[in-house]
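Welcome! Please take a moment with the sequence and the 3D view below, and then we can walk through a few places together.

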There are 2 protein chains.
Amino acid sequence: MLSDIQISRDHACKPIADIATKLGINETELSLFGQNKAKVSLSVAKRLADKPNAKLVIVTAVTPTPFGEGKTVTTIGLTQAMNAIGVKTCGCIRQPSMGPVFGIKGGAAGGGYAQVVPMEELNLHLTGDIHAVSSAHNLAAAAIDARLFHETKLGAEAFTEASGLSAVNIDPENILWRRVVDHNERSLRQIEVGFGAVNGPVHSSGFDITAASELMAILALSQDLHDLRQRIGRLVLALDTHANPITAEDIGVAGAMTAIMKAAIEPTLMQTISGDPCLIHAGPFANIAHGNSSIIADNIAAKLADVVVTEAGFGSDMGFEKFSNIKVRESGYAPSAAVVVVTLKALKANSGVESQLAIDEPDLARLQAGFANLEWHINNVHQYGAPVVVAINRFPTDTAEELDWLQAKIASTRAFGCAISTAFADGAAGGAELAKLVHAATQTASNFKCLYQAEQSLEAKLMTLAEVGYGAAGVTMSDKATQQLAWLDKHGYSHMPVCIAKTPMSISHDASVKGVPRGFDLPINELRLNAGAGFVTALVGKVLTMPGLGVRPNYINIDIDANDEIIGLD
Amino acid sequence: MLSDIQISRDHACKPIADIATKLGINETELSLFGQNKAKVSLSVAKRLADKPNAKLVIVTAVTPTPFGEGKTVTTIGLTQAMNAIGVKTCGCIRQPSMGPVFGIKGGAAGGGYAQVVPMEELNLHLTGDIHAVSSAHNLAAAAIDARLFHETKLGAEAFTEASGLSAVNIDPENILWRRVVDHNERSLRQIEVGFGAVNGPVHSSGFDITAASELMAILALSQDLHDLRQRIGRLVLALDTHANPITAEDIGVAGAMTAIMKAAIEPTLMQTISGDPCLIHAGPFANIAHGNSSIIADNIAAKLADVVVTEAGFGSDMGFEKFSNIKVRESGYAPSAAVVVVTLKALKANSGVESQLAIDEPDLARLQAGFANLEWHINNVHQYGAPVVVAINRFPTDTAEELDWLQAKIASTRAFGCAISTAFADGAAGGAELAKLVHAATQTASNFKCLYQAEQSLEAKLMTLAEVGYGAAGVTMSDKATQQLAWLDKHGYSHMPVCIAKTPMSISHDASVKGVPRGFDLPINELRLNAGAGFVTALVGKVLTMPGLGVRPNYINIDIDANDEIIGLD
């Protein structure tokens, strides 16, 4: 089969203006970015406010493995297949981060014949939203450090005289706002800044990847530019010398940050390889942040299509849990069906069973052992109240015997049904069976509910997530987390939902425990306030917010050819 | 008078596609970025290769002062006025850096009724080129540090086994490639990176503002994407343990960097407030880099218009010198006329005379004392061989008596002529006299020449620039610079032109010496190889490559209003 970028390049895209017109977007609601991308105005949703919302379908997966489960392939393939069977459907996915693109793999546009095209435009820059997030984020970092510099140098009184601003008395040991860059930058994880005679005081800082920025979560959760502005104002950048929060509003940088993000508030329309619409917007990570594309994009798509297909990061314990307890809580837009993506390889890798056989060889015993992981995810999604469809993303090496066994086994679960998808190899046609099943699921009654109430205490929310969300026996709180809990209570942040930051590679906090971990206590090491995004992140185990480049990074393969085309972005 | 952003917002822009059509750009050569911006394909210049080039006019100024001389106002006003008198003219300017926008002033789009509109789109993001430069630059930084990490951790042999790549043996004390961000970030000037158990080794780094990136200079000097790719490959990122250069090609990151900059190679078309075309492309600083917009933009404009007006940063000793000895040397596109912008305030501020009177009060003695600075700049430009027109950018407080005196005095110089411009207040009409004079100047014979030859030694070039370019008695070389000179000779970099990095606030290296400094030795402290851009930068005195935010930064004024419009960007 051809490489993803070759398939993308060989494909003749339709003008994006035509895709928009077919979807029902007026010319005045569209800003073209070349022939293949366009920003969509939020006024679309206002114009069509009276129209009922589309059915929302959320795509999640079993516990991820290094082999790739094809969740984006299935999301895009399902969008293509739904349209092919005559259901007007719009995809909504996150913007890929350039870090992984240059680090470990080429793109994140789906793949094969189930991808968003042109893939290099999706994967590099898109329409600049991630750059805007980086820029706004780093302006706040510059602002807080400059304020520290001037207040330290002049003293509070002289500072006020020179600037006309009240001193905020930043505690240099408690600058909470780090910096961001959209690359895998190991050596910037922990840094010391402010060296040189006139640049101080020296203090600690560090860089996260932009997808881990709270601003990215804010972009994904905002309703409009005004909401974005208010949320940015609430960002807590540092503590003062009395441990009180200093916000972006306090130092007067929130308006400028919003100005930088003004264009980023609009989702970007692109197309699948079948010419179906797909909105791309925001890219929060699903471990440290809430891992779902934007409410704004969903809201626009909801008015233009009959079905909206969106995707949550990692397994159902991660992105789907946050989709349910954070995103839907904010948006009020509940799913009518959920799709759990699985592969034979993923179940074998999740079995915890050692085998002499390669992962793509028939191995029924291992498959049987791994099935528990799928069943756990089916039950996990099911408890939120939407019908669960299992999508088996078929690989060429999969045998009929194993597929038959798996389908029969799924029939005994709470799943609404299961279907095999070969959208990667066959495009829309390969997703037809899945599309019909998902469409049927969306026609059934759905009774979606969150796992906890906002007014519960943060501790109660953590307990609920641990026990009901992960099947843990309970939680243990570090001394640090206990102190932070008291601080959050004192400053009125207890009403917020909780965002668990943990490894995605296990349902538990321990990446090495496969299958269905039981009887463990979830260790809460640290709590981080995301006052703008509107949630408290609980760090469970060790969670990296900045990836590193490997020993032979993917950038080595990337270049331009003699025709000025990008190569190696697979 | 209204604020710049108010004037910009009140103005109804024409669709940029109409501006492009009128200029002679075909639909297939244009990529729209919304209604007000469009990328222009390099194929325009190829299609019109047989057409003679437009007359090129370069706008420079006297030694800059904190009051602002209005060089961009004059550049844009002249573009408007030339079109108004019937000469098809295209402006070519640099993309503003966001650092100064949020730091000390709002925009850099010109101002009043001589500006590029919409000014907030020019000043924030434009079409993402600066973001692309930042991203490509920082990928190289991540790549060199990741290589250092893996080679250090594994050792050369195991590294090669694991990666299939030859070890390059980076000297951690000689990582030459810093990082960039497009903000004023004092505390990132000098940093230490790589803290944490698995992130090291700890070593020094720092951030420059993106405009100071060598990649920005490369973008401005490249002829096309292929040339850009080759130049990026030549970038020297670090030295190895034997002090040999390690290039971007050596570590395999040059192709990916080029892929990131693929769209940035195309200039962006915008319009003046009179609806005239203006190409925006690249933004190298004029102190540390060569301070001129791109060769590609000039080459495209040269085929579409009859006159191209472009601008060089700071005074004629800075951007104009580099325009002549670096940019024209590369492009072969020599100017037919040069404009030196002056204001009464600038001459008074350059007089070196203390006065009881405010800078905008009549003060003929101080004006007379300051005139020498203007005459120096006229002579400096004149020696390159193009006719020199002086543009007096008139302020409302200027008196007829002082203006008359100045005009009479200019008549006694080598200037082709002088004209008063009130384009700021009056738009195209206010630049009519200047436009006619400039047009007449472009019709005279011009015999442009560079100050030195490429094959001269670096020392000879430095000497020529010091003596002929600045009127110095000679140069003094630090021991460090002397050693670096030997290294550059040894590694075959002597053929490159020299880019002097010095204060723009004096013709000499000492910002406090006003007027016409004489008899000084230019102290060469350090030489920096810019192998990709193709010049050697000589650091003279202390030159900051990263600005800082002041005590009351401009970002405090910036916000969005109830109509989602940006305010405070003046």
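## Reading the model

Helices (H or I, at least four residues) and strands (E, at least two) are DSSP runs, numbered from the N terminus. This is a predicted model, in which local features need pLDDT of at least 70, side-chain atom pairs count only at pLDDT 80 or more, and totals for chains, interfaces and linings use all residues. Residues are numbered from 1 along each chain as its sequence is written, chains are lettered from A and ligands numbered from 1 in the order in which they are written, and side-chain values use heavy atoms, with hydrogens and water left out.

M1(A) sits in the segment before helix 1 (4-10) of chain A. With 63% relative accessibility, M1(A) counts as exposed; here exposed means over 50% relative accessible area, buried under 20%, and partly exposed in between (1.4 Å probe, protein chains only).

## Salt bridges

Side chains of opposite charge can pair when their charged atoms come close. Over all chains, the structure holds 37 salt bridges, each being a side-chain nitrogen of Lys or Arg within 4 Å of a carboxyl oxygen of Asp or Glu. One of them pairs R9(A) with D561(A), whose closest N and O atoms are 3.6 Å apart. This pair links distant parts of the chain, 552 residues apart: R9(A) is in helix 1 of chain A, and D561(A) is in the loop between strand 24 (559-560) and strand 25 (566-567) of chain A. R9(A) is partly exposed at 26% relative accessible area, and D561(A) is partly exposed at 23%. A network of salt bridges links R9(A), D561(A) and E565(A).

Another salt bridge brings the closest N and O atoms of R231(A) and E330(A) to 3.0 Å. R231(A) lies in helix 10 (residues 225-234) of chain A and E330(A) in helix 13 (residues 316-331) of chain A, so the pair ties together parts that are 99 residues apart in sequence. R231(A) is buried, at 4% relative accessibility, whereas E330(A) is partly exposed, at 30%.

## Two helices

How far apart are the end C-alpha atoms of helix 15 (residues 364-382) of chain B? They are 26 Å apart, which agrees with the 27 Å that its 19 residues should span at 1.5 Å a residue; the expected span is 1.5 Å times one less than the number of residues. A kink of about 30 degrees in this helix is centred on G370(B), the bend being the angle between axes fitted to the seven residues ending there and the seven starting there. The buried residues of helix 15 of chain B include G370(B), F371(B) and W376(B).

In chain A, the 13 residues of helix 19 (residues 458-470) should span 18 Å, and the end C-alpha atoms are 17 Å apart, which agrees. Among its buried residues are L458(A), L462(A) and Y470(A). G471(A) follows helix 19 of chain A, with a positive phi near 75 degrees.

## A buried loop residue

A109(B) lies in the loop between helix 5 (98-103) and strand 5 (110-111) of chain B. At 1% relative accessibility, A109(B) counts as buried. Leaving aside neighbours within four places in sequence, A109(B) is in contact (heavy atoms within 4.5 Å) with residues including T72(B), I76(B) and M119(B).
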